[in-house]
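Me: Can you walk me through how this one packs together inside? Keep it short, please.

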Amino acid sequence: MAGTISKVVRFTNEEEFLEDIEEVMERFTYLASRYGVSVIEGVLLWDYVGVRDEDGVKIFRVGEFPYVEGTLKVDLETLRTLERYFDEMESRWDDLTTDEINYFVKMLNEALGEERVYYEAYDLGLDRDEAYIILNIKGLYYLENVVDAEDRHILEEAVSLLMKYV
């Protein structure tokens, strides 16, 4: 994507990072609704996993499977297999590494007999307490030049929070 950069960011407090990114995204979403430009093109946490169902790929965090389970459109056998493997990963949460998640995903796909589960964080070289962010620098530059005085503080707050990690 022209005008974008990708960056691996590190954090020491995952909950604080998630709260900060949520606030940043809320501010940039508001500005995008007013000015037509999105700044954050994507965020991928170290523990995000994708599962393909009848509708496409749904992304969730390891440990969130029980909450996503009802939204997946897959047959019961596939669902139970997914559930077993994700329960096993979740039981190891405190010591879980990206290598282990990658291993579980490979085993899970073998058990399913098809590639239905995806884990991109490993391929991106992420470790625990890391995220991959795609930023639209052209969009940020554009906003810097067009945001009116009323919204200037929203842009400055979003950039300030984002700079904490970038």
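Me: Which residues does Phe17 touch, not counting residues up to four places away in sequence?
Reply: Phe17 touches Val9, Phe11, Leu45, Ala131, Ile133 and Tyr165. Touching, or contact, means heavy atoms within 4.5 Å. This is a predicted model, where local features need pLDDT of at least 70, side-chain atom pairs count only at pLDDT 80 or more, and totals for chains, interfaces and linings use all residues. Residues are numbered from 1 along each chain as its sequence is written, and side-chain values use heavy atoms, leaving out hydrogens and water.

Me: OK, now helices. At what angle do H3 and H4 pack?
Reply: About 160°, with their axes 10 Å apart. H3 covers residues 76-91 and H4 covers residues 98-112. Helices here are DSSP runs (H or I, at least four residues), numbered from the N terminus. Axes are lines fitted to C-alpha atoms over the stretch in contact, and angles run from 0 to 180 degrees between N-to-C directions.

Me: So what are H3 and H4 to each other, roughly parallel or roughly antiparallel?
Reply: Roughly antiparallel, because of that angle. The cut-off for this is over 145 degrees, while under 35 counts as roughly parallel.

Me: Which H3 residues meet H4?
Reply: Thr78, Thr81, Leu82, Tyr85, Phe86, Glu88 and Met89. On the H4 side are Ile101, Phe104, Met107, Leu108, Ala111 and Leu112.

Me: Switching over: how do H1 and H7 pack?
Reply: Their angle is about 145°, and their axes are 9 Å apart. Among the residues making the contact are Phe28 and Leu31 of H1 and Ile154 and Leu155 of H7.

Notes
Helix = DSSP H or I, 4+ residues; strand = E, 2+ residues; numbered from the N terminus. Parallel < 35°, antiparallel > 145°, perpendicular 65-115°, else oblique.
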